[in-house]
Structures are given as C-alpha cells and as structure tokens.
Amino acid sequence: MSSQNQQQPSLDIPSFSDRSEVLAAIRSSLSDCLTETDLHLTVPGLKSKTRGKVIYLSHRTHLANPRFCVGCFDWTNELLVLFWKVRDIYDGGDYLVLVTTDRQSAFDRVLASIPFKGQVLNETSLWWFNKTQHITPNAVVSAPDKNVTIEKKCSVFPVEFVVRGYVTGSTDTSLWTVYKKGVRDYCGNILPDGLVKNQRLPANILTPTTKAVDHDVPVTPDQIIQRGLMTQEDYDEASRKALSLYEYGQHVAAEHGLILVDTKYEFGKGSDGTVLLLDE
C-alpha cells in the first residue's frame, strides 16, 4: 500500500470546552481534599492537636533556615515547635487519633493536596498492619473512618529502621550515593567492592537513621546504644522485627510482580513494655 493510501494517525485534541470541563472536574476534586482537620474543637476527650512529627528548633535555627517554616508552628519555652507531614494527630489520653489527610509531602515539605490520598494511605497501612501481626504486634486499636486510625499511645524510639535490599538511590543518605563515594562501612554494614547501581545485595541490610534539624542522619547500632536512643535489648528486638517485616514485604511484592527495594519502619514501647510497630 502506498503512503498516499495509508490512513494517517489522528490526534484527538480536546476542544476548549472539553478542556474547561476537565479543569472544572479537577478543581471540584481539589475542593474535596481533606487538607486540615480540627477534631479537638468538636470531639470531647481530644486534648490537643499536632500535625505529623514534631521537631524542635531554636529561634536562631528558625531564622537561619526559613525554609523549615511549613505547616503550623508555636513557640514553647523559647523553642519553635514545628509540625508537618500528612497526619493530624490528636491526644486522647491513653490513645492517639491519627487522621491521614490528603496533604502530599516530600523532603519535609508539604507540596500540595491530592484527592483520596489520605484514604489510600490509611487503608494501605491498615492492610499491612493486619498482615504482619504474625511478625510483630502493632499499636492499632481501631479504624472508625477511612481516614482515621486510633492507636495506643507509646514511647516512640527516635530511630527509623531503614531496610535495604538493593544498591540504589539518589539522596544524600541513599546506599548508592555513599557507595560510589567510596564508603564501604555504612551504618555498621561492611560492603564489598565491585557493586553496581541497582544491584541486589547479597543479603538485606539495616541502615538506621535518626532525625536532625533538616535531614535524616545515618547511625550505627553502637551509636544508637551509646547515645541512649535505645537500650541494646530494645534495639535487638526492633532490628530483628524490621528485617523480618521487610523480608515478608519482599515476598508479598514478588507475588504481585513487584520489587520492594527498600523501606523504613518505626517502633515504640507500649505501657506494658511491649515493642510495637507504629509506622511502615
């Protein structure tokens, strides 16, 4: 068939009216986003509200780093109490009420709101909490709403348990970034020479971090104990659970044709001394 007789592909360009309808639908969805909640004003028994994780900054740090001023903040004892991330957290005495909003954050900044993101995130977390009870108990008490989880109040360990199965990443703390700079002892893990980007590690490794003012700081197990962030017993238990959780997550991902490259877990201690999974 000659090129003259061939049917040319058609580009279906939406008319201006179609474009207007699309934009109107987008605006309508955005207006439905759960961006902010104030349950402490209407629900008896909820004492206070915070937005996600709390970081304390000195006045000097605050002035020197205005980019940290996102979300809500208050002054307490000459320190800036700074809130961000995606959850509104309410103190209910022995329990915390966590409302997962539609806020989208990245690199410790709230960037936008995405319709139904909070519901998807909350229900995904609940699915994993339910599926991993054979590995570790968790703090979940109930989920009275698609965006809400009620958890036991715990003493949170100030350590994030990052588990990795691959040499990859692009951030300052990613395994590939530090490896290509020549680091071979990372968070207490001895890495062999000759690894290439995106290669699977011979065995999964734990690279814990703790929070600084504006970034995560990699730490070794010995540093965690020496700094009093956790006891040896608690660290050993939490690290075993983190590795087991990751291995299970890899298995579930593989069953669905996916690869779980890395992830992080957070743990705390309940009032009875039990080490509980708090976040994944």
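Student: Which residue in β18 does R164 stand opposite?

Tutor: This is a predicted model, and in it R164 stands opposite D262 in β18. The strand pairing gives the setting. β12, residues 161-167, pairs with β18, residues 262-269, in the antiparallel sense. Four bridges join β12 and β18.

Student: Which residue in β15 does R164 stand opposite?

Tutor: That residue is I205. β15 covers residues 199-206, and its pairing with β12 is antiparallel too, over four bridges.

Student: How many residues of strand β12 are buried?

Tutor: Buried means under 20% relative accessible area. Seven of the seven residues of β12 are buried, so the strand is largely enclosed by the rest of the structure.

Student: How should I read a nonpolar core?

Tutor: Start with the general idea. Nonpolar side chains tend to be buried together in soluble globular proteins. Here, the largest nonpolar core has 18 residues. F161, M230, A242, Y265 and F267 have the most contacts inside it. Elements supplying at least two residues each include β12, α6 (232-255), β18 and β19 (275-279). α6 gives the most, with five residues.

Student: Which residues is F161 in contact with, leaving aside its neighbours within four places in sequence?

Tutor: They are L206, M230, Y235, A238, S239, A242, T263, K264, Y265 and F267. Another core, of eleven residues, lies apart from the largest one. V178, Y179, L195 and I205 are among its members.

Student: Now a helix. Where is T177, and is it buried or exposed?

Tutor: T177 sits in helix α4, residues 175-180. Its relative accessible area is 8%, so T177 is buried.

Student: What does the side chain of T177 reach?

Tutor: It reaches the backbone oxygen of T171, at 2.7 Å. Look at the contacts of T177 beyond its neighbours within four places in sequence: G169, S170, T171 and D172.

Student: Which residues is K153 in contact with, leaving aside its neighbours within four places in sequence?

Tutor: D91, G93, D94, Y95 and L96. Take D91 as a case of sequence against space. K153 and D91 are 62 residues apart along the chain, yet 8.5 Å separates their C-alpha atoms. For G93, look at the atoms: the K153 side chain reaches the backbone oxygen of G93 at 2.6 Å.

Conventions: Residues numbered from 1 in each chain as written. Predicted model: local features only at pLDDT ≥ 70, side-chain atom pairs only at ≥ 80, totals over all residues. Heavy atoms only, no water. Buried < 20%, exposed > 50% of the residue type's maximum accessible area, 1.4 Å probe, protein only. Pairing = 2+ DSSP bridges. Polar contact = N/O pair within 3.5 Å; in protein donor to acceptor, adjacent residues only side chain to side chain. Contact = heavy atoms within 4.5 Å. Core = buried A, V, L, I, M, F, W, Y, C linked by side-chain atoms within 4.5 Å.
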